[in-house]
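Dear colleague,

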Amino acid sequence: GALRLLFIFSGPGRSAGSVVSEPGSGVDVAPTLALGLGIEIPAYAEGQSLMPALCGTGPLSRPWVAVQNTTFGTDAIIEERWKLVRRAATEELYDLALDPSESNPLPAVGPDYDRLAAIAGAVYP
């Protein structure tokens, strides 16, 4: 199914009820909390702070997230609108804006597929 990270944030500089649609990951929670608390983010941290998107001060430094499910042997690259899922020798492309429940995979062709496949090839060689 679709991957969504529920993260509720309250604090100075944040408008009540606003939603961030940029992709985030579970590894982003610790750096976000650290920065929010004024703690330096360690260089070894895998994620990035979501504070720029949460506070509306700028975009995130990456437009996509990579996820891996070793239990099911699945890798995915997710952008705000697109998701490319790789399972063994198959790939499925989803338009999350039109198909948020990921019920109807699209043909794995075209510029959006090419961009995500290139990212996936670099992240999951």
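A salt bridge, as the word is used here, is a side-chain nitrogen of Lys or Arg within 4 Å of a carboxyl oxygen of Asp or Glu. Before turning to examples, please keep in mind that this is a predicted model, in which local features need pLDDT of at least 70 and side-chain atom pairs count only at pLDDT 80 or more, while totals for chains, interfaces and linings use all residues. Residues are numbered from 1 along each chain as its sequence is written, and side-chain values use heavy atoms, with hydrogens and water left out.

**Confidence and overall layout**

The pLDDT is the predictor's confidence in each residue, on a scale from 0 to 100, and the chain averages 83, with 89% of the residues scoring at least 70. Confidence is lowest in helix α2 (residues 51-55), where the mean is 80, and highest in β4, where it is 93.

The chain contains three helices and four strands, which follow the pattern α-α-β-β-β-β-α when read along the sequence. Helices (H or I, at least four residues) and strands (E, at least two) are DSSP runs, numbered from the N terminus. Of the 125 residues of the chain, 31% count as buried, where buried means under 20% relative accessible area, exposed means over 50%, and partly exposed lies in between (1.4 Å probe, protein chains only). A contact means heavy atoms within 4.5 Å, and among contacts between residues at least 6 apart in sequence, 41% join residues at least 24 apart.

**The sheet and the helix across it**

The four strands form an open sheet in the order β1-β2-β3-β4, with antiparallel pairing; two strands count as paired if DSSP finds at least two bridges between them. The edge strands are β1 (64-69) and β4 (90-95), each of which pairs on one side only. On average, neighbouring strands of this sheet are turned by 15 degrees against each other, direction ignored; axes here are lines fitted to C-alpha atoms, for helices over the stretch in contact, and angles run from 0 to 180 degrees between N-to-C directions.

Strand β2 (residues 74-79) and strand β3 (residues 82-87) run antiparallel and are joined by five bridges, and Ile77 has Leu84 in β3 as its bridge partner. Helix α3 (residues 111-123) lies across β1, β2, β3 and β4, and runs at about 50 degrees to β3.

**Salt bridges**

Side chains of opposite charge can pair when their charged atoms come close. A search of the whole structure finds seven salt bridges, and one of the pairs is formed by the side chains of Lys83 and Glu102 (3.1 Å, N to O). Because Lys83 lies in strand β3 and Glu102 in the loop between β4 and α3, this pair ties together parts that are 19 residues apart in sequence. Both Lys83 and Glu102 are buried.

The side chains of Arg86 and Glu91 also meet in a salt bridge (3.0 Å, N to O). Arg86 is partly exposed, with a relative accessible area of 24%, and Glu91 is partly exposed as well, at 27%. A further salt bridge joins the side chains of Glu92 and Arg87 (2.9 Å, N to O), where Glu92 has 21% relative accessibility and so counts as partly exposed, as does Arg87 with 35%.

Glu79, Asp112 and Arg115 are linked in a network of salt bridges. Asp112 is found in helix α3 and counts as partly exposed because its relative accessibility is 23%. Although Asp112 and Arg81 are 31 residues apart along the chain, their C-alpha atoms are separated by 9.8 Å.

Leaving out residues up to four places away in sequence, Asp28 touches Gly47, Gln48, Leu50 and Arg62, and its side chain reaches the backbone nitrogen of Gln48 at 2.9 Å.

Ser10 also lies in the segment before α1, but Ser10 counts as exposed because its relative accessibility is 71%.

With best wishes

How values were computed
Polar contact = N/O pair within 3.5 Å; in protein donor to acceptor, adjacent residues only side chain to side chain.
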